[in-house]
Amino acid sequence: MLTFILAAAIAASGPVLRPDNIPEIVSLLTLEEKAAILVGCGSTAFDGIGRNDIGVKGSAGATHAIPRLGIPSIVLADGPAGLRIDPTRPGTDKTFYCTGFPIGTMLAATWNPGLVTEVGRAMGNEVLEYGVDVLLGPGVNIHRNPLCGRNFEYYSEDPVLAGETAAAMVDGIESNGVGACIKHFAVNNQELNRLHNDARLSARALREIYLKVFEIAVRKAQPWTLMTSYNYINGTHASEAPWLLTDILRGDWGFEGTVMTDWGGGYDTAAQIHAGNELIQSGSDARYNALIDAVREGRLPMEDVDRSVTRALELIVKCPAYMGYEHSDAPDLEAHAAVCRKAADEGVVLLKNEGALPFGPSGITALLGVTSYAFIAGGTGSGDVHRPYVVDLQKGLADEGFTLESGLDGFYGAYMVDERWRCANVDGKNSWVIDRERPIEVVPVELIRAAARTADRAVVTFGRVFGEGKDRDLYHSYMLQDRELQLLRETSKAFRAQGKKVTVILNIGGVVEMESWKGLADAILVCWQPGEEGGHTVASVLSGAVNPSGRLPMTVSKRYEDEPSAPNFPLIFADKPFNYSFYRRLEGNKKDYTVKDIDYTDYEEDIWVGYRYFCTKARDRVSFPFGFGLSYTSFRWSNMRVARQDGAWKVCVDVLNTGGRAGKDVVELYVSAPGRDMDKPARELKAFAKTPELQPGESCTVEMTVAESDLASWSEESGSWVVEKGRYRLIAARNAEDRGLRRKIRI
Ligand code: GLC
């Protein structure tokens with residue numbers, strides 16, 4: 001830090017920026033310099049995601065330096081599953097790969113905030129060592145509908161699980177002395193027409209569901225920055241809404257950090273600064289001139305500009321760029337791969353297991369499905385990562401000592417050579433950065449029947465990849481395809497005829513339909529998109545070296561049509577691959593939109609999102625409930641006790657491992673409110689705890705806390721939080737439908 005200040009002082013020969021002289025520096029800045037600090041350096045290629053080569057090649061954005069006052073430029077780069085910068089640079093053989101960690105959804109599926117913090121710490125170290133100042137993650141929006149193209153970056157349908165996971169991630173990232181950026185604030189739950197869609201919802205749904213995740217993250221972790229979303233909320237653009245950015249974010253929640261726009265988000269620069277959105281990213285001359293004109297024409301008070309510049313400088317003085325940190329460009333990718341693996345191991349969710357798992361590695365394993373040979377490490381768009389490698393399942397199984405049935409292995413080996421070439425060719429011609437061509441599924445019937453005679457079991461992997469700027473296609477992404485179903489049917493028939501088991505692996509970024517085919521599988525394992533070590537994780541779970549302890553962070557409904565938001569979500573058909581983000585760039589701030597689900601989206605389901613809806617109004621419409629996950633061992637809970645402490649309730653439950661294998665368990669604490677003063681969900685998650693690994697016969701006590709304010713609901717009448725009087729039920733359960741252990745408390 002001293003180095004930087006001295007150097008700046010010599011160059012500047014006047015006062016230079018220090019944490020304790022920001023008001024003086026602001027008073028010395030010209031209007032042009034203030035605008036340069038607030039409006040970013042621009043993007044070199046807006047292919048739908050930010051990229052800029054000013055600070056670090058392939059980062060997303062940067063702010064302008066003002067050398068005369070010792071104000072450095074700071075570098076901003078994506079994303080939630082790892083740092084995204086270009087892996088190579090002209091003129092050097094050195095590479096700049098970054099660890100591809102599990103996707104956000106998988107981190108939430110660990111139900112282990114401590115582990116998520118470990119991931120954040122490793123991820124943030126790469127941000128620091130590659131010379132970046134702020135990581136544009138985590139993405140924390142609610143899984144309102146399974147077809148949202150960015151759900152893989154986000155955590156959950158429940159704001160408490162999502163908020164706790166987000167806070168843990170922010171703490172981990174920022175422990176390195178770099179910034180995190182929770183995004184996209186707020187109500188950014190579909191990709192179609194994302195730059196212009198007007199999300200219309202009640203104040204209660206806004207506060208209890210869509211803002212609650214950000215509130216928890218802000219109150220618990222105080223992230224250095226927050227990114228506003230592209231969309232409107234009830235007619236006002238999120239980046240231009242004082243009620244959101246000043247009244248709620250700072251007034252109610254006490255946010256002390258800096259707000260930035262999404263890349264190219266919003267329209268009215270003056271309105272953004274006035275609302276409390278400091279940084280205009282990625283920035284352009286037009287935005288810069290608009291800001292200066294607005295001040296000169298009296299449409300934007302200078303005190304608004306000075307407030308934003310002050311907040312920008314408060315961020316800058318915390319950054320490594322200001323400290324003059326000498327980054328190494330050599331983070332310990334090997335150590336971080338181990339963290340990646342550890343997190344993925346705990347994020348795998350075992351949905352079904354009828355005598356199939358664990359197995360091997362001895363014996364012969366028939367490995368089927370093109371995705372087994374082309375594993376999906378993460379999603380696409382700004383949330384992608386340039387990873388040093390991806391371990392697919394074939395290699396993961398081989399490294400774990402499995403022997404693969406040679407007929408199928410040889411077939412897929414040859415088949416995938418052509419398919420990999422074809423996919424790379426198609427991807428190379430893709431106009432839209434997020435599309436990824438997938439290998440075409442095949443059904444080698446004769447080889448399957450032969451393998452059923454010689455192999456001991458079958459493993460079939462199905463994959464789904466999607467990403468930013470485009471929502472998922474119901475028929476081609478959410479449903480299994482005919483060839484996939486045919487492959488599963490042929491395999492199931494052949495192997496079950498031999499009394500052998502079939503395991504389905506779902507290598508997916510989000511929910512797929514399962515009800516119609518789950519009977520064909522003896523075991524179903526969801527490995528999500530597990531990052532670069534995915535194949536090793538899955539092989540370790542199949543062999544039993546790892547005992548799965550993940551739990552679903554969302555509901556898997558029986559049919560898409562049963563989703564509460566289905567009547568108000570745009571159905572996309574793959575035959576119309578138009579560029580979704582800019583589908584209807586109506587000029588300027590027009591809000592007189594007319595097309596349902598495209599120009600505007602009615603959140604008609606209100607607070608009834610996920611299990612809040614299914615547990616209360618449609619229990620028979622669920623394949624696998626929120627919070628569900630099996631283990632290779634068994635646990636017994638007992639002695640649930642509640643103690644009133646400092647205005648809250650401390651809930652303890654004893655957990656005993658009654659099975660034959662070591663394992664971890666998750667206790668989910670739900671609350672059921674009286675529900676007389678307003679319609680309330682049958683239960684809502686208020687806390688959770690994951691046990692340490694318990695050996696067979698070992699027990700532990702988990703502690704969870706519920707504050708009285710956690711029981712509050714948002715009253716539309718009074719426009720405030722209200723805690724209903726009466727008797728509440730505390731439910732310690734395995735998932736949203738589990739009866740669990742119960743205790744009563746009274747307000
Ligand atoms: C994108 C995304 C945002 C990302 C930014 C920079 O459009 O919406 O999540 O951080 O641009 O790439």
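**Close-up views of a predicted model**

**View 1**

**View 2. The shell around the ligand.** The ligand is surrounded by 17 residues. Asp 78, Arg 150, His 184, Tyr 230 and Asp 262 are the closest of them. By class, the shell holds 7 charged, 6 nonpolar and 4 polar residues.

View 3. Asp 262 places a polar side-chain atom 2.6 Å from an oxygen atom of the ligand. For Arg 150, a polar side-chain atom lies 2.8 Å from a ligand oxygen. Glu 468 also takes part: an N or O atom in its side chain is 2.8 Å from an oxygen atom of the ligand. On its own, the ligand has 310 Å² of accessible area, and the protein covers 100% of that.

**View 4. The interface of domain 1 with domain 3.** Here 15 residues of domain 1 are in contact with 16 residues of domain 3. The two domains bury about 1300 Å² between them. Carbon and sulfur atoms give 60% of this area. On the domain 1 side, Trp 111, Arg 204 and Arg 207 supply 48% of the area buried against domain 3.

**View 5. Polar pairing across the same interface.** Which count describes salt bridges between domain 1 and domain 3? The count is 0 salt bridges. Polar contacts are present, however: 5 residue pairs link domain 1 and domain 3 in this way, with both residues of each pair at pLDDT 80 or more.

How values were computed: Residues are numbered from 1 along each chain as its sequence is written. This is a predicted model: local features need pLDDT of at least 70, side-chain atom pairs count only at pLDDT 80 or more; totals for chains, interfaces and linings use all residues. Side-chain values use heavy atoms; hydrogens and water are left out. A residue is near a molecule or strand if one of its heavy atoms lies within 4 Å of it. A polar contact is a pair of N or O atoms within 3.5 Å; within protein, one must be able to donate a hydrogen and the other to accept it, and residues adjacent in sequence count only if both atoms are side-chain atoms. Accessible areas come from the Shrake-Rupley method with a 1.4 Å probe; for residues, only the protein chains shown count as cover. Ala, Val, Leu, Ile, Met, Phe, Trp, Tyr, Cys and Pro count as nonpolar, Asp, Glu, Lys and Arg as charged, and the others, Gly among them, as polar. Contact means heavy atoms within 4.5 Å. Buried area is the accessible area (1.4 Å probe) that two parts lose on being put together, summed over both. A salt bridge is a side-chain nitrogen of Lys or Arg within 4 Å of a carboxyl oxygen of Asp or Glu.
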